[in-house]
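Hello,

Here is the structure I promised to pass on to you. My notes follow below it.

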Amino acid sequence: MKVVITESEKNMGIQAANLIAEEIRKNPDAVLSLSTGATPVGCYKELIRLYEEQGLDFGNVKSFNMDEYAGLSKDHAQGFYYFMYKQLYEHVNIDLKNTFSPDAVNENLAESIQKFEMLIEQEGGFDLILLGIGRDGHIAFNMPDRELKLSTHVQELSESTMNDNARFFDDKSQVPNKAITVGVKNIMDSRKIVLIASGEAKSDIMARFISSDSISPDLPATVLKLHPDVTVIMDKAAAGKLNGTY
Ligand code: GLP
């Protein structure tokens, strides 16, 4: 894993955006999978700037949400598809027909999952996935558990993750307790992986993740250690507890 520590959160976002832009320039038909949450917001701002000022062309880019809360529709203000629409899609020349997310309002989630898996396969998997990380080490919504699921599945969310994500809702009681998420094989099949982390709140998990010399379902991000092309970008605050073993 390549580990990059940046002076600021802004710089973390810029460096992640540069890797995405490099991928798009090399491969205008790139298939991306982009994460939600607070961490990637600066990265998307920078991608918008690159589109506006340097003509970074999203015209043939495909983009997959990697997860979605069960029960939230594509136009739900707290949903992850809507997040991507507001933070990136509506500001660049991506064709909305090329933006995908699991159908989380289908009463038959198994059917949504199957369709989503087929779609990922049809597009040949992801060229680049941009991951954040939860304070418990989750990636997308692959939570610490006895085992990690390989493909897209329904995930029960832990109390601590629901608490963490309550900041995006008016009230904690509105946070769904289940989500559809890609599995670790979908992530590991991505040709390139970029993981970003910022802020002091991520410093404990980043120290555990970076220094871990084993793969453990208790810390799902450790599976990334087996991938040949991972770049971890974190700001100084998130790197604050690293002990120099990376
Ligand atoms: C969420 C998402 C993840 C995200 C993580 C961190 O629950 N499912 O994809 O990486 O939490 O979010 P944040 O960047 O807000 O800390």
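I'll begin with the pocket lining: by class, the largest pocket has nine nonpolar, eleven polar and six charged lining residues. Here Ala, Val, Leu, Ile, Met, Phe, Trp, Tyr, Cys and Pro count as nonpolar, Asp, Glu, Lys and Arg as charged, and the others, Gly among them, as polar.

Please bear in mind that this is a predicted model, where local features need pLDDT of at least 70 and side-chain atom pairs count only at pLDDT 80 or more, while totals for chains, interfaces and linings use all residues. Residues are numbered from 1 along each chain as its sequence is written, and side-chain values use heavy atoms, with hydrogens and water left out.

Of the 26 residues that line the largest pocket, Gly37, Ile133, Gly134, Arg167 and Lys202 lie nearest its centre. A pocket is an open set of points on a 1 Å grid over the protein atoms alone, where a 1.4 Å probe fits, with protein on both sides within 12 Å along at least five of seven lines; lining residues have an atom within 4 Å of a point.

Ile133 also turns up among the contacts (heavy atoms within 4.5 Å) of Met206, along with Leu195, Ala197, Val232, Met234, Ala238 and Leu242, leaving aside neighbours within four places in sequence.

Beyond four places in sequence, Asn98 touches Gly59, Val61, Lys62 and Ser63.

Best wishes
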